[in-house]
Amino acid sequence: MRLGFLTSADGRFFLSPAHAKALAATHELYIEKGAGKAAYWEDSAYHEFAQLKTRDEILEKAELIISLEPLDQAELREKKYYLNLFSYYAWESHRVETYKKLQSTWLGIDRLPRSTRAQSMDVLSSQASIAGYRAVLLGAQALKKFIPMLTTAAGTYPPARVLVIGVGVAGLQALATAKRLGAQTYAYDLRPAVKEEVQSVGAKFVEVPGVSAQEEGGYAKELPPQMLQNQQQALFDTVIKSDVVITTAQVPGKAAPRIITKQMVDHMQPGSVIVDLAAARGGNCELTQPDTPVITPNGVQILGPTNLPAQQPVDASMMLSRNLYAYLQLILPSSTWNPPVEDEIYQATLLYDPNSKLP
Ligand code: NAD
């Protein structure tokens, strides 16, 4: 099959030269010129296995076109296969109509089930672990105090207190990173199952009695307003005593839950830092501005980075390349389009198929 790989606006790429070599054994590869630059994968590293082309050439010639995110309507053509690593389908489902009109197939790897079998393809997890790691570095950099306990000739300095709210993949990585830096770590999540994981990375789990919500598949549910209010009250003391608060709470397909109120921020110590990883979905803190740091009158810094993985494009690209390669191994078992239609991973990631009877 003719596979086309497009550049991403944020620099992350998803085909390493080694994976290109492996795929080239079965498929014809087109790679957009300069696509791997941010990961230091120069065009010359692909010459042997792929044709380096312009974006327009790839959009015309490739049959399966792979991009990090959905393409603009103007870039889509009739009767092709489009694969996004991040389809954002929960927010972008209206795009189906375009694929329907064009009779083109649309797939999104980010829709895969969070199962053991799908782990190696899990683009959400791989990028979330980078986000969690970098959130701690960002918080540590912004904090005007030491993170570890230091005993020096000029006195002893206590360790910083780092609280992580929302302990999915990003939150767990943030806790482990903060612990390695020497912080005293605390965590909260409304899924009770998380407590053990929190303790396994040396953090203290903050209990909020009577508030828990978990759906099948391990995701959280949206809390009813009264429960959210109880949660806010119970977390108040822990939040205001923290030097760094990292929030990652998300509910798939919904706006991010507002967990940190303005009132909490007003009571935090000057110099404290909030890193809100839910900024792109409205933020877990009432005062977060996406990608624009806020400093409150009482000296609290609120950071709302929306794309931390792109700040570490070497690892982000390598992880995405591994995820994509594992996924392609599953859906492209031969040199023509012949996917395993009964496979639950394929089914979950298929967003529109002109040959399917499903709407
Ligand atoms: P996510 O990004 O959807 O959400 C982050 C965290 O926020 C979750 O832990 C969620 O419980 C929490 N949260 C939501 N609302 C909250 C609130 N009001 N207060 C506090 N916390 C709140 O999570 P994710 O990293 O995508 O992980 C989602 C689930 O999938 C988890 O159960 C995770 O263990 C599981 N998972 C499984 C696999 C696998 O088995 N292959 C891989 C990755 C993740």
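The model is a predicted one.

**The whole chain**

Let's start with the big picture. The chain holds eleven helices and 16 strands. Its C-alpha atoms fill a box of roughly 65 × 45 × 35 Å along the principal axes. A compact globule of 359 residues would have a radius of gyration near 21 Å, and the chain, with 22 Å, agrees with that. Buried residues make up 52% of the 359 residues. Of the contacts with a separation of 6 or more, 63% are between residues 24 or more positions apart.

**Charges and their pairs**

There are 34 positive and 36 negative side chains in the chain, and the centres of the two sets lie 3 Å apart. Side chains of opposite charge can pair when their charged atoms come close. In the whole structure, a search finds 13 salt bridges. Here are some of them:

| Salt bridge | N to O distance |
|---|---|
| Glu32 and Arg55 | 3.0 Å |
| Arg191 and Asp189 | 3.7 Å |
| Lys262 and Asp266 | 3.0 Å |

What does the pair of Glu32 and Arg55 tie together? Glu32 lies in strand β2 and Arg55 in helix α2, so the pair links parts that are 23 residues apart in sequence. Glu32 is buried, at 11% relative accessible area, while Arg55 is partly exposed, at 22%.

Arg191 counts as buried at 14% relative accessibility, and Asp189 is buried at 9%.

Lys262 and Asp266 are four residues apart in helix α9, so about one helical turn separates them. Lys262 is partly exposed at 43%, and Asp266 is partly exposed at 38%. Elsewhere, salt bridges with shared partners join Glu32, Arg55 and Glu75 into one network.

Notes. Residues are numbered from 1 along each chain as its sequence is written. This is a predicted model: local features need pLDDT of at least 70, side-chain atom pairs count only at pLDDT 80 or more; totals for chains, interfaces and linings use all residues. Side-chain values use heavy atoms; hydrogens and water are left out. Helices (H or I, at least four residues) and strands (E, at least two) are DSSP runs, numbered from the N terminus. The radius of gyration is taken over C-alpha atoms; the globule rule is 2.2 Å times the number of residues to the power 0.38. Buried means under 20% relative accessible area, exposed over 50%, partly exposed in between (1.4 Å probe, protein chains only). Contact means heavy atoms within 4.5 Å. Lys and Arg count as positive and Asp and Glu as negative; His and the chain ends are not counted. The place of a charge is taken as NZ of Lys, CZ of Arg, CG of Asp or CD of Glu. A salt bridge is a side-chain nitrogen of Lys or Arg within 4 Å of a carboxyl oxygen of Asp or Glu.
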